[in-house]
Amino acid sequence: MSPTARNRAWMGVLLAVVVVMGVGLARADSSPPTLSERAQALKETTLCPVCDGQTVVESNVPAAASIRALIDERVAAGDTDAQVREVVENTFPGQALSAIPPGDGFGGLVWVLPIVALAVGAAALVLAFRRWSSVADRRATEADRVLVAEARASR
Amino acid sequence: MAASLGSLFVVFGFVSAALAAISISIGLATDRSELVSMSGKWSIWTLLAATGATVAMEYALLADDFSMNYVARNSTRSLPLLYKIAALWASLEGSIILWTFVLCGYIAAVAWWFSKRLDDRLLGFAMLTLFVVAAFFFGLMLDVASPFGTQANPPLDGLGPNPLLQNHPLMAIHPVMLYLGYVGFTVPFAFAIGALATGRLGEGWLIETRVWTVAAWGFLTLGIVLGAWWSYEVLGWGGYWAWDPVENVSLLPWLTSTAFIHSVVVQERRGMLRVWNLSLIVSTFALTILGTFVTRSGVLESVHEFSESEVGPMLLGLFGVVVGVSIALIFWRVDILRSTGAIDSPVSREGSFLGNNLLFAGFAFVVMLGTMFPLLVEALNGDQLSVGSPYFDRLTAPIGLALLFLMAISPLLSWRSTTPDVLSERALMPAVTGVVVLVVSVAAGADSIAEMFAYFLAGMVLGSAGQQLLAAVRRRGMAGLTGRASGGMVAHIGLAVLALGFVASQSHTSEVEASLSPGESASVAGHKIELIDRIDRIDGGNPVTEVSLVVDGDEIHRPALTTYINYAMAVGTPSVATGWSDDVYLVVLDVSDSGDSALIRVIVRPLIGWIWAGGLIMALGTALALTPSGRRSKPDPIASSENRPDKSVTTGGEFTGASA
């Protein structure tokens with residue numbers, strides 16, 4: 001394929017990606033979430049107090065079922081998400097029932113540290129590539145040739 | 001009888017592993033190669049002991065010998081044969097027997113594989129490491145996790161395994177695969193220690209252990225995917241991955257070993273990344289121990305946790321020793337480990353492998369931090385805090401997308417450097433494949449930006465791997481599918497298929513709960529589910545209610561709800577109508593009505609079956625990667641001078657395809 005034809009093909013690919021993704025996005029449901037969607041989202045992020053790290057959606061024990069019912073009830077009664085969470089937390093005092101760690105305070109570190117670590121890693125990699133690209137003379141030295149000759153001879 | 005024999009085998013195993021370690025140490029210290037090369041004979045004794053202990057336990061399980069505590073707790077008379085056999089790994093002590101058995105099997109296999117050169121000091125140190133680990137596990141069975149304890153007045157019947165562990169055949173396979181993977185990493189770890197101890201830190205040990213590392217990786221992959229499949233088929237909530245601590249700790253060694261099997265190629269080619277590779281393999285092994293510690297110690301809350309026991313501190317001790325010794329050895333050898341090589345360009349195969357390693361390390365860091373963070377916070381200021389799936393989903397999704405991007409591009413890059421012109425030529429077909437997958441998925445209903453990117457990139461991965469495989473087949477016929485490069489590409493295809501299933505099933509779920517009587521039906525996402533009848537019966541002493549449901553007018557499914565009397569626990573047995581495009585997942589939630597109605601939950605999720613299919617394709621890729629490709633790669637003269645001249649190094653072939 002000639003370079004011009006290839007560039008045209010890439011333009012086509014790019015255009016297709018943009019158009020198709022646009023179609024997908026335009027079709028996305030932009031209306032505010034319904035009551036049952038909100039309730040489902042809350043259930044998916046609320047842990048069951050007695051079942052070791054499962055959310056109330058995943059567990060069928062009575063405590064999970066009662067929290068599901070409570071969430072449905074409060075959402076139907078017109079509570080905001082934050083209010084529903086508060087009611088649930090108050091029903092089971094002393095337990096961390098939100099599956100989402102807080103974004104602030106000491107607990108916020110759990111969000112920040114991975115980003116910092118990845119950024120530091122990426123920066124280190126960039127620096128390493130810089131350093132490597134500045135290694136000027138990478139031709140074989142006389143010592144290298146001797147080494148290779150010896151290795152060949154000993155085969 | 002079985003109990004005393006079993007105990008005897010454990011003692012015998014511990015003594016022979018300990019004696020092996022001592023005699024190899026003396027041999028290494030005093031340069032007596034006849035002592036070092038005796039490791040082959042010792043490996044037969046330890047395997048014999050481990051086999052004896054395993055057979056004794058299986059015999060007791062099959063013979064319903066309830067005088068043995070383990071059997072009384074983990075088996076019952078009415079348990080089907082398969083689950084009696086699988087009861088060996090239903091609980092802590094039995095799992096340690098299995099672990100030890102697998103480990104001794106690996107030790108004997110290593111001794112056999114390298115039988116002509118067991119007097120080599122590097123092999124000696126590796127065997128020493130293996131025997132020390134084996135002695136540790138036999139030692140656990142001597143004391144804190146003794147599986148062969150008996151009671152004077154045996155009960156007439158046992159309790160049986162946890163109900164969740166006795167209603168799906170995958171329970172018989174998933175733990176075994178996981179253990180073959182976990183334990184398999186002991187082998188490359190032992191060779192790494194051998195290389196560090198002898199100072200022969202070139203590429204020799206990497207090449208020697210390549211087969212073992214890749215095999216262990218394949219088993220671990222299969223173990224994790226089968227575990228997800230099991231949880232989907234059994235747990236009744238329609239999902240398969242919940243970022244449960246135990247799932248997370250099984251993923252950690254997978255992440256580090258996946259990074260390792262890519263970055264070793266850079267070391268083989270360029271002699272670089274030596275410390276990094278050593279760190280990765282040490283981390284992988286240490287993480288398998290940490291994973292076992294987490295499962296067995298009760299420090300983290302999880303559905304997998306069997307029991308709190310004294311094994312926890314012992315495993316934590318082993319973890320500490322492994323990490324401490326390895327770090328000390330690496331520091332000691334740091335001068336030899338330093339490499340002078342350079343990577344010419346980030347747009348090269350090795351450059352992309354470095355990117356891959358950064359992302360895998362970042363992924364592992366997220367999973368590790370999220371899993372351990374609640375513990376940390378509680379220890380530091382007493383606060384209760386939970387880190388659940390939303391956290392892992394949000395942070396790993398961008399890393400996953402970046403990894404898919406690298407998977408799509410990396411196989412197209414040449415070693416050293418690739419010009420934009422060449423890359424644009426090679427990437428065109430994969431990009432077109434990506435567009436095709438994107439179009440199909442949007443037509444099927446994809447509507448979020450991250451989801452669509454994932455489909456496009458997964459499509460590109462399929463395209464680039466397929467292009468490489470086609471080129472290999474064109475050059476060498478069907479034999480072109482074997483060897484490391486092509487096997488790797490098949491594994492990439494498997495992962496792309498898995499990713500498509502994962503993203504689609506996570507993004508689109510339709511769920512309905514309905515109370516149905518005979519003749520009534522519910523409709524979910526275009527599927528019609530009709531209740532035919534409900535049957536109540538007694539099975540093995542436990543009341544079972546089975547509900548017959550017809551899906552889309554032809555397929556009959558019978559999900560059930562069993563109440564396990566011994567555990568006072570009602571466990572739903574879901575039934576899944578698996579389809580090419582979606583699954584209809586049926587669970588009985590409640591039958592407390594005295595009538596003939598039942599509360600049913602129906603969950604429809606697209607492409608779930610692709611996840612299992614993808615996992616199996618990855619396993620196939622591993623097998624192909626292990627099949628000698630019939631080509632001999634030319635070992636680097638400097639690296640191979642470290643190998644003994646009497647052993648020619650056969651490799652699985654180089655990464656092929658795009659090399660210019």
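This is a predicted model: local features need pLDDT of at least 70, side-chain atom pairs count only at pLDDT 80 or more; totals for chains, interfaces and linings use all residues.
Start by showing chain A and chain B together. Here 62 residues of chain B are in contact with 51 residues of chain A. The area buried between the two chains is about 4800 Å², and carbon and sulfur atoms give 73% of that area. On the chain B side, select Leu358(B), Ser386(B) and Leu428(B): these lose the most area to chain A, together 12% of what that side buries.

Next, select Arg6(A) and Asp421(B). They form a salt bridge, with the closest N and O atoms 2.4 Å apart.

Now color the helices of chain B that give two or more residues to the side touching chain A: α15 (349-381), α16 (389-409), α17 (420-443), α18 (449-476) and α21 (637-640). Among these, α15(B) gives the most, with 13 residues. Coloring this side of chain B by class shows 38 nonpolar, 16 polar and eight charged residues.

Is Ser43(B) buried or exposed? Its relative accessibility is 2%, and buried means under 20%, so Ser43(B) counts as buried. To see what is around Ser43(B), show Ile107(B), Ala108(B), Ala111(B), Met127(B) and Phe131(B); Ser43(B) touches each of them, leaving aside residues up to four places away in sequence.

Terms used. Residues are numbered from 1 along each chain as its sequence is written. Chains are lettered from A and ligands numbered from 1 in the order in which they are written. Side-chain values use heavy atoms; hydrogens and water are left out. Contact means heavy atoms within 4.5 Å. Buried area is the accessible area (1.4 Å probe) that two parts lose on being put together, summed over both. A salt bridge is a side-chain nitrogen of Lys or Arg within 4 Å of a carboxyl oxygen of Asp or Glu. Helices (H or I, at least four residues) and strands (E, at least two) are DSSP runs, numbered from the N terminus. Ala, Val, Leu, Ile, Met, Phe, Trp, Tyr, Cys and Pro count as nonpolar, Asp, Glu, Lys and Arg as charged, and the others, Gly among them, as polar. Buried means under 20% relative accessible area, exposed over 50%, partly exposed in between (1.4 Å probe, protein chains only).
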